[in-house]
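These are my notebook entries on a structure I had not looked at before. I set down what I looked up, one topic at a time.

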Amino acid sequence: MPPEAPPPEAIAPASPPPAAALEPAVGEGRPPRLSQTETPARKIALVGNPNVGKSVIFNRLTGQYVYVSNYPGTTVALARGIAQFGGKRYEVVDTPGVNSLVPHSEDERVTRDILLQERPDIVLVVADAKNLRRTLLLLSQLVELGLPTVLDLNMADESRKRGIEVDAVSLGGLFGIPVVETVATEGHGIRELERALAEAAVPRNPSPELKAVVAELERDVLSGQGGPLEMTEPNGSALPWGLFAEWLGSGDDGVKGTLPALFGKDRVDAIQRSLGLYQQRHHRLAAAAIVQARSQWIDDAVSKLRRVKVGEVSAVADRLGRWCREPLTGFPILFGVLLFMYYFVGVFGAGTAVDFLESTVFGEYFVPGITWIVDRLLPFAFVRDLLVGPYGAISMGLTYSVAIVLPVVTTFFMAFGFLEDSGYLPRLAVLADRMFRFMGLNGKAVLPMVLGLGCVTMATLTTRILSTRKERLLATLLLALAVPCAAQLGVVLGMLAWVSFAALLFLAGILLSQLLLVGWIADKIIPGARSDFMIELPPMRFPMWSNLARKTWSRVRWFLREAVPLFVLGTIVLFILDRLAILPFIVGAAEPVVVGLLGLPAKASEAFVMGFLRRDYGAAGLFDLARQGMMDHTQIMVSLVTMTLFVPCVANFFVMIKEHDFRKAALMVGFIIPYAIAVGAGVNFFLRWTGLEL
Amino acid sequence: MKETVPTDWQEPHRPLARGLEEVLEALWTEDEKGSTRREDLARVVDVALTEELIEELKERGQVVENSDGSLQFTEVGRSRARAIIRRHRLAERLVNDILGMPMPEVEVNACEFEHLVAPGITESICTLLGHPRQCPHGRPIPQGRCCQEAQRSIEAVVVSANELHLGETARVAYVNTRNYSRLHKLSSFGFTPGVKIKLQQRSPAFVLQCEETQLAIEQALAEDIYVLREPRLEQRPVEPGEQVERLR
């Protein structure tokens, strides 16, 4: 035990803690409001560690009435649904998984903010029955919020199989809340859970040591200098003093920023002062005292509530999990995964599905049909061209986004979701940690990078999972520079098929080396720090199809909402540029660079300009040129290198501005464009000078 | 400075007056640097180096004075100084490693500490810290009995998690970090003092198993987690060729 523990009498308050304030509204285990039937739908928030089956419980409770939306101001997708049981309607929220209520990521912050702001009527804590320690940690923080709670020990079958027995009755007694065991994947225990939800009770704090610290903090604030501040929640319960100590002690600026908004600056300042008093008195942070008191209490509780017998371990899943993270087996597996993605996304998605949608559905029915209607209803040349002409919003924009890009992106999101739910990606992060550390990032960055192979724009939004501002900036830059998205990749692979396999390796080599080089340099230039690499490796599981479907649908829907309008808008911009004869002007201006430096045909300029609207648009333009035999192998290579490194698409640029600011986004693009051209020119001179045939 | 423990070495039980101990301590550190001149000694000692103090030390048979005025330990004096230094430097390690205090505070606290600690406690602290060889300043910590016994049976009892053998199980003793958020993150995954952890992988990153949670962390973090090794040899998996080396 660390010797920093002060003697217990140092923590114990001089007078007994005001227990009523700490345990608000417990009543006789059932809050009075429950008896009122005419209240509107009560809100249930599902809270729990990651990978404990929250989503499955959610699906079991809500059935089909589900809507997914982003939490305001974030990219964190939240599923909300309506549940009906026991003759009542409930609104159910599935919050992102958290390890503790002290957030270390945006996901975790969303969960905390939902609890604080929406103050759900019932908190349903979903726990992995095997993992009592982490469950107790979360519960011991939740008690401070004073919200009626139910504990669900999920995956009870796995737990039993491993010989872990938890005394659910005593556990419930300890906190004064109902506890049920479920096996959500098989639907066991759901009825019991529904019954228990009607009996949700405000939990009590079962640890005297924790209570003592919290009471001391409360006394300091209430007796304090703060003046007549309102120091209780609207429903009369005490503020979460202990959590405040942890929030303010965690030193995370981004998180601290939201507290004044939630509680008022005066209150936060008063609490901050009382934390200072505590620190002066005890020579350590109140947060440290809380963490220590809690972990001692948890140790004690675990030893009382849990019995572990020798059980069996799912040997196959364990071994597979190990193979995925150890280099010797991990890299061959990674190769296999990439091959699978290539066949599923590249061959099936970009080939079979696109062919069907583009040539058959759009080419034979949809576009001719619309053209027919437009011709009848709006027989004006301008409108006709705008909608169904060569740069038409429907004939080009919609066909392009829905018929070509959508199938590629959908299959990619399916494959990505599969990898995500299987538990593979965190193991890939382990393999990739070294490489990313070279670029000032850590293994976690592999997640946005892999997602970037699907859609760079969405991946840029996902960089929020990275902890520091520097990491987010680095990842955004590298995504914009060197990661080709699925749609672009499809076109690139198609073009390289005409050249040679060596050309593919050459291109991959250049992209990878640029990624490493720019990452390495940017790491040196951009101020700030890298965060620690710490990632949980969930057990390997076969994904549930229903979850996978929901996940894929929510991403595809995002794509349809965010990207398709941009496609259409982009097409309209192209149309206007074309009409006003600006397009030829820009193309002409770019010619010296394109022809002189890169050694490409003048017509390639057009592809680069379009490339800014959509990267794959540009790639498709190059594809056309190559198909018409207007470029030799060297020119194909040069154009592909330049195009891939070249600016991100407009959508991505907007997201870069949104995630950082206009200045940084402009700086990045201002660096990327000349850099891409320079690398392209370098490749051009290198290939011409050596006469290398690829 | 290479030093072996005299076989009959015992920590002296009755402490001397504080001033005397300070002089002995200073003499030891100066001796390490290779000079025992009176002027140098006067500069480093924490109390005023009066003739009375030196006379008293001579009287008690702790030091002798050379012809050039420099001081030299007697057998008894050296043994006593050794114990003081050992306590002081262990205290520095303790205050620095476990309490995570910055160096200036380490110095002040360690100075108080050295005069207070009983011999039995010194051994416990030494064991807790894993029988460290050097103080935070990099100067050698004189070895005690416990260190020798530990060397015979095992290496260190408390080691960083990154020093565990692959597949070895150990108990978390403490997490040594000044970064509160790091400590908090680890504890929210269940990595708190007292829990058993198992090292599953070392490279490219460390993978630690704690009950039902598997966590991948980088080396720097693994180094911050100090664990108590299971003290018996046969509990550890032994790779071919390894046992021979350890027994030697």
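Entry one, chain B. I looked up burial and found that buried residues make up 39% of the 248 residues in chain B, where buried stands for 20 or more other C-beta atoms within 10 Å of a residue's own, exposed for 12 or fewer and partly exposed for what lies in between, with C-beta atoms placed from the backbone. I note that this is a predicted model, in which local features need pLDDT of at least 70 and side-chain atom pairs count only at pLDDT 80 or more, while totals for chains, interfaces and linings use all residues. Residues are numbered from 1 along each chain as its sequence is written, and chains are lettered from A and ligands numbered from 1 in the order in which they are written.

The secondary structure of chain B comes to 10 helices and 8 strands; these are DSSP runs numbered from the N terminus, helices being H or I of at least four residues and strands E of at least two. Of the chain B contacts between residues at least 6 apart in sequence, 60% join residues at least 24 apart, a contact being two C-beta atoms, placed from the backbone, within 7 Å.

I traced an open sheet of 7 strands with antiparallel pairing, in the order 10(A)-7(B)-6(B)-5(B)-4(B)-8(B)-3(B); strands pair if DSSP finds at least two bridges between them. Its edge strands, each pairing on one side only, are strand 10 (534–536) of chain A and strand 3 (158–160) of chain B.

I located A:H633 in helix 29 (residues 633–645) of chain A, and I class A:H633 as partly exposed because 17 other C-beta atoms lie within 10 Å. A:H633 and A:M495 are 138 residues apart in sequence, yet their C-alpha atoms are 9.9 Å apart in space.
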